[in-house]
Amino acid sequence: MPDLSAPSISYVGLAPVLIVLAAACLGVLIEAFAPRHLRWNVQVALALLGTVGALVAVVLVAGRNELTAARAVAVDGTALFLEGTIAALGALSILMFAERALDPAKSAFVASAALPVGSSADRKLAAAPYSQTEVFPLASFAIGGMMLFAASNNLLVMFVALEVLSLPLYLICGMARRRRLLSQESAVKYFLLGSFASAFFLYGLALIYGFSGSVDLGEIRESAARSGSSDALFVTGLALLIVGLLFKAGIAPFHAWTPDVYQGAPTPVTALMAACTKVAAFGAILRLLYVGFGTSEWTWRPLIYSIAIVSMVVGAILGITQTDVKRMLAYSSIAHAGFLLVGVIALGDAATAGRGLSSTLFYLLTYGLTTVGGFAVVTLVRDGDGEATHLSKWAGLASRSPLTAAVMTLFLLGLAGLPLTSGFTGKFAVFRAAIDDGAWPLVVIALLASAIAAFFYLRLVVLMYFSPPAEDGPTVGVPGLPTTIVLAVTAAATLILGLAPNAVLDLAEQAAVLVG
Amino acid sequence: MSDLPFLLILMVLPLVAGFGLLAVPEDRHDLIRRITLGVSLVVLVLAVFMTVAFEPSGPRFQFVQSYSWIPDFGVRFALGVDGIALVMILLIGLLVPVVIGASWNEGADAGRGTGKTGSMRTFFAWLLILEALLIGVFAATDIFLFYVFFEAMLVPMYFLIGSFGGPRRQYAAVKFFLYSLVGGLVMLASVIGLYVVSANEIGQGTFAFDALRQISIDPDLQKLLFLGFFIAFAIKAPLVPFHTWLPDAGAEAPIGGAVLLVGVLDKVGTFGFLRYCLPLFPDASRAFAPAILVLAVLGILYGALLAMGQTDMKRLVAYTSIAHFGFIALGVFAFTTQAGTGAVLYMVNHGISTGALFLIVGMLISRGKSRTIGDYGGVSSVTPLLAGAFLLAGLSSLALPGTNSFVSEFLVLLGSFGPYPVFSILATVGIILAALYILLMYQRTMHGPIKPAVGGFKDLNKREMAYLSPLLALIIVLGVYPKPLLDIITPAVNATMADVGAEGSTAQAGNGGDD
């Protein structure tokens, strides 16, 4: 047994994660000690401070490439780029959490989550102008966990991060103010399926440990290179780990929870899940596959290749049949996860970490921003029951609120990948990397899937613009400052990353470094 | 004067004006249409200046401009025109003011029980944006940039059809968009493929047309890449069997949109054959040419037969276009300068004659409120001017000698007779069918007893005469004296045919009009 002296920790390198987690811990204390009338404002400020502070820290730390905390956490270009992306998208989601102008009861979150739905106390509180402010520290914990998830170079740390990000999400999924039963159902579903996924991951971890005697990604790679990668323990372990991660990223065929949870959860939480969780999960996938299993490429490549196809096709085709905006966006995210896997395939071998990595990073950023924007628009369209998410309610929206419809159209065209939007730049980058790598059949399928997916994005445009407004249609809420900021930032990003993406592409190119 | 960045101005001006219109209050209809018309006329004048400044014997691409855009992808914002692109831009410059004249009241009745959802302001804004993007498509000399415009121009047309079209406009708009998008995405695969090939060949990936033209690609790979481009252009053009979206889109689009759709937007497909398919993939082009010619001739006959069976006037005109696009494809893939020149001239002439035909049909529909041929009869005795215009446009569409289309059709047939006599003869049958469907429509609507609905028709008003007369005049002028256009087109087609290695590509062509 080697000595147990504490490992050296680069606190500067870990600063982004630590800042968010510190904000989360402080938030818990505030919840305990601050008077109720102050809590909301303080919590919002603290959560924003945490995420924006993390973003600033990422910028300051940028340029480092090292492993810290006994090789458990990576501080390299990829980790920092993803941490920055998660912090930025997280800050936007927190802004959506903080919106008070849209719901008549001042918040999208329930006043008291513990009350049974429909009880007299619950009814009494239905219009109460306060809500559970615990959502802010919970979201901060989740965001901190996501950042760690994308940076962990050690399977155990990865698992801990997975739980840190998942548990708060299970909770806040069930805290919607409207349609509480649906919200709670989504939380239970997410929890049950998520636990299974965690169990898969943990079991895979155990098998890999049994194979290599280590949970360190670098050492796993070396032992795989040493003893070949056809060992049953190794292959099973690898498969189980991948399943766990694919579940978190919402990739078909492990996507079954996505539509239900996205639909039931409060929309700000859905935005957080759709954008940040996906980025974090892909960060973990990239690191696991390229650092941990970089030398056993041919063991996982066929698997990822076929899953990419399944995810694109399932997302695109099932998306067509949806009648609810949030479910439609959920299937859209499943399809996009498939496109992202096309980028993962394109990396080639770990030694020549090239375009696949940078293009995947870029795609994650563009996808996240556009998706948050799309969900922000969903929060605006409301009727007496809260958000009007059924597609038929969106008919003729353009004549009721031209600006809202125009912004939504921009996001939809971006998601569909039309030129001059960020979605096209991202797709182009990923597809180019894949063709470069010889995966052109995959790209052809991806292009066809994009065409199919374009149909359901277009259908919403058709409804908004070409249909006469419904008689008892929804009203379009006037967003307060937070949602306005979210919409402005995401819409601007969707346009700018389509028209002049160069600076960010360069950034992604420089960031495409994996250590370990 | 040739130092002016013509192409950039031509694109930026309508684009800025299009977005600028959104700042004008929605109910200032007069102001909105005056601004739009003014801008489009300035574009026309600039396009004419540019044509005058163009030197047919000069370098292949002129008015060249190139700016760095996305260096990470090797993409440049590179513009330039050869003779082919130049005449198409001239056609756009001509048709847009005409379309504005024809759409003078489009959207004025928005929301008053018409079911149409767009306002006049959005109509003209989309129209100007469409003009900018169309000019961009023809002016781009970077394939990535071309692709961007190729896809982006779907958006304005989609909104023009979907917000201002006929009863089945939603269906038609989505069908139009999806067909084109599928084609575009298949092309995207080839575009990226070309980039990767260029990266392997010259060490650095590029999308520049001139650089890509010079690399040699493995023939098998060429075939795959060719197919990507070809499918996109065949859907766009459209060739049979990729044509089924056009009758719907053409019939449901507002008249102004239909003129630009069939007159210009679809020409991007045939333009793409000439600009991209032939020079970039010469071996594959030669390998596939016989099959494509079969499709072209099929299109000529099939389009004509279906046109004859139509009862809806707009659908009829749309089907005639399918036949005409068959002629253009025949000219392109016959690989002789004569046929190629005829095809390019055909692209211009078809824009003029079919544009005029659509406009006149639109006038009839605006008077009779019906698209069905059977609802009209005896129109010529009520509105002789309208009937006369109809006859002239129809005769041009069936390529009567003395009208513009005759010159181009003759060149195509002549040029393709040498290498492919059978196809040429079969195509000639299409001319006879064309005479049938045009004259039958004319006879049914214009002659015979006056239908009760027709009795109250008013003849052409001043505005209608104003926007129709340039087209009618050009039908005659270009029928008698096409030389100026041929002089511009021929060198560019020569260069293209040299790229594809066609025999006799240096032979003199373009004398057809002087006979």
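**Figure 1. The contact region between chain A and chain B in the predicted model.** In this predicted model, 29 residues of chain A are in contact with 30 residues of chain B. On the side of chain A that touches chain B, the elements giving two or more residues are α15 (397–400), α17 (422–436), α18 (440–466) and α20 (502–511) of chain A. The largest share of that side, 12 residues, is supplied by α18(A). By residue class, the side of chain A that touches chain B divides into 21 nonpolar, 4 polar and 4 charged residues.

**Figure 2. Ile89(B) and its contacts within chain B.** The largest nonpolar core holds 417 residues, of which Val342(A) and Ile89(B) touch the most other members. When neighbours within four places in sequence are left aside, the contacts of Ile89(B) are Leu10(B), Ala47(B), Val81(B), Ile135(B), Phe138(B) and Ala139(B). In soluble globular proteins, nonpolar side chains tend to be buried together.

**Figure 3. The fold of chain B, with its 21 helices and 2 strands.** Along the principal axes, the C-alpha atoms of chain B fill a box of roughly 70 × 55 × 40 Å. The radius of gyration of chain B is 22 Å, which agrees with the value near 24 Å that a compact globule of 515 residues would have. Of the 515 residues of chain B, 63% count as buried. Among the contacts in chain B with a separation of 6 or more, 80% are accounted for by residues 24 or more positions apart.

How values were computed
Residues are numbered from 1 along each chain as its sequence is written. Chains are lettered from A and ligands numbered from 1 in the order in which they are written. Two residues are in contact if their C-beta atoms, placed from the backbone, lie within 7 Å. Helices (H or I, at least four residues) and strands (E, at least two) are DSSP runs, numbered from the N terminus. Ala, Val, Leu, Ile, Met, Phe, Trp, Tyr, Cys and Pro count as nonpolar, Asp, Glu, Lys and Arg as charged, and the others, Gly among them, as polar. A nonpolar core is a set of buried Ala, Val, Leu, Ile, Met, Phe, Trp, Tyr and Cys residues joined through C-beta atoms within 7 Å. A residue is buried if 20 or more other C-beta atoms lie within 10 Å of its own, exposed if 12 or fewer, and partly exposed in between; C-beta atoms are placed from the backbone. The radius of gyration is taken over C-alpha atoms; the globule rule is 2.2 Å times the number of residues to the power 0.38.
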